Amino acid sequence: MIRYHAAWILPISEPPIRDGWFAVDRGRVVALGAAGKRVLSDGAQVVNLGDVAVLPGLVNAHTHLELSYLRDEVPPASRFVTWVRGVMNARRARPDPSGKEILDAVDGALREAVACGTAIVGDISNTLVTFEPLTRSSLAAVVFYELIAFNTPDPEGVVAHACREIEELVPTERVRASLGAHAPYSVSPLVLRAIRQAIGRDPFAPCSIHVSESAEEVEFIRNGGGPWRVLLEELGSWDPAWVPPGGTSVQFLDDSGFLDGRVLAVHGVHMTTADLDRLVAHGTTLVTCPRSNGHTGAGAPPIEDFYNYGVKVAIGTDSLASSPDLNVFAELATLRALAPTVSAPALLDSATRQGARALGFDADYGTIEPGKLARLLAVSVPADTEDVEEYLVSGIEPDQIRWIGEP
Ligand SMILES: [Zn+2]
């Protein structure tokens, strides 16, 4: 057993402990407390970590690791569909038949995520190419096999085929795969229904979908027109039989029976307060990625509303095609700037416990509590730090971060 002492411990499940300690045995936390109180005296090896804040490894609840090779390749846009066209151009400009460029970039992204203090990722993949690299990494992950199928003659066949591909993967204790839908404007109602039914067969499977990301989505769902309709027609993906649902994307997904406590609804930039009420009613987790929203032209998400309405909020960086890095601490600093009235403890809770719960890893991750894995970070903090939670949401660089138990 090793007993660690540190200037600050942030269990997340309780307020920060100043001059605290925690004990680790066989990779799991067995006890913690304040140094002034009774400390386990059992001959444990004692390690003094000094001026650091110890907190659970962070959760990046939404990224697309397979797009890492497009880092710095897609320029910022003032409209979302312009950014989507930029991704399509960047892909065309860099065909990668061997897949080597994509896989090398995935490996680099995994190293970067770990160096930035990430313990778990919610990874969106259209190819499942990230699954095997993730199993070789120290990360825990759910890989969401994301379907894009607006106009298909065989919606159930599309989903059944995806399920078979997932079944062929060998999950590990830490890395699992599930299904995701791209968005209400790129997945037909019947494919959404088939995904829903497939997910329903597994009581623990989470599901992901991009929702209310852009003004173009709002327009398309409301009246079937606008730049998104034009793009679908250009791509030959428009379905003339499709009837615009009217209302909002959240209303449409709710009426389709898609929303529940296992869904990660990503972005929500253009959600109405009535939409937020629906997420609360279903226990759906909203994953916010504000740096990506700025880059893609989607706009600034109403983060204060998310928290004020009581939505469960997790945090993602989105992909390196729309975000400068995979540092969740940097994402936290952007949330802090956009939402000055949201408390630092609430933001840290989103980056740890909420993400771990949404992805189904809360038995082992997300807080520092007896029984949980000691997958913990030591972040260097100035010796005179008074408000450690505020400091941790002010922007932490990788060179301030060490993993407990690693040199
Ligand atoms: Zn995304």
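Predicted model: local features only at pLDDT ≥ 70, side-chain atom pairs only at ≥ 80, totals over all residues.

Biologist: Why are H62, H64 and H210 called donors of the zinc ion?

Modeller: A donor is an N, O or S atom within 2.8 Å of the metal. The NE2 atoms of H62, H64 and H210 lie 2.0 to 2.2 Å from the zinc ion, so they qualify. Water is not among the atoms, so the site may look incomplete.

Biologist: What spacing do the zinc donors follow along the chain?

Modeller: It's H-x1-H-x145-H. H64 sits in the loop between β6 (58-63) and α1 (80-93), while H210 is in strand β10 (residues 207-211), 146 residues away, so this pair links distant parts of the chain.

Biologist: How do you know that the radius of gyration agrees with a compact globule?

Modeller: With 407 residues, such a globule would come out near 22 Å, and the protein has 21 Å, which agrees.

Biologist: Which residues have the most contacts inside the largest nonpolar core?

Modeller: L179, I195, F329 and L392, in a core of 121 residues. Beyond its neighbours within four places in sequence, F329 is in contact with residues including L55, C116, L392 and I401. A second, separate core has 15 residues, among them F22 and A378.

Definitions and conventions. Residues numbered from 1 in each chain as written. Heavy atoms only, no water. Donors = N, O, S within 2.8 Å, 3.2 Å for Na, K, Ca; no water. Helix = DSSP H or I, 4+ residues; strand = E, 2+ residues; numbered from the N terminus. Core = buried A, V, L, I, M, F, W, Y, C linked by side-chain atoms within 4.5 Å. Buried < 20%, exposed > 50% of the residue type's maximum accessible area, 1.4 Å probe, protein only. Contact = heavy atoms within 4.5 Å. Rg over C-alpha atoms; globule rule 2.2 N^0.38 Å.
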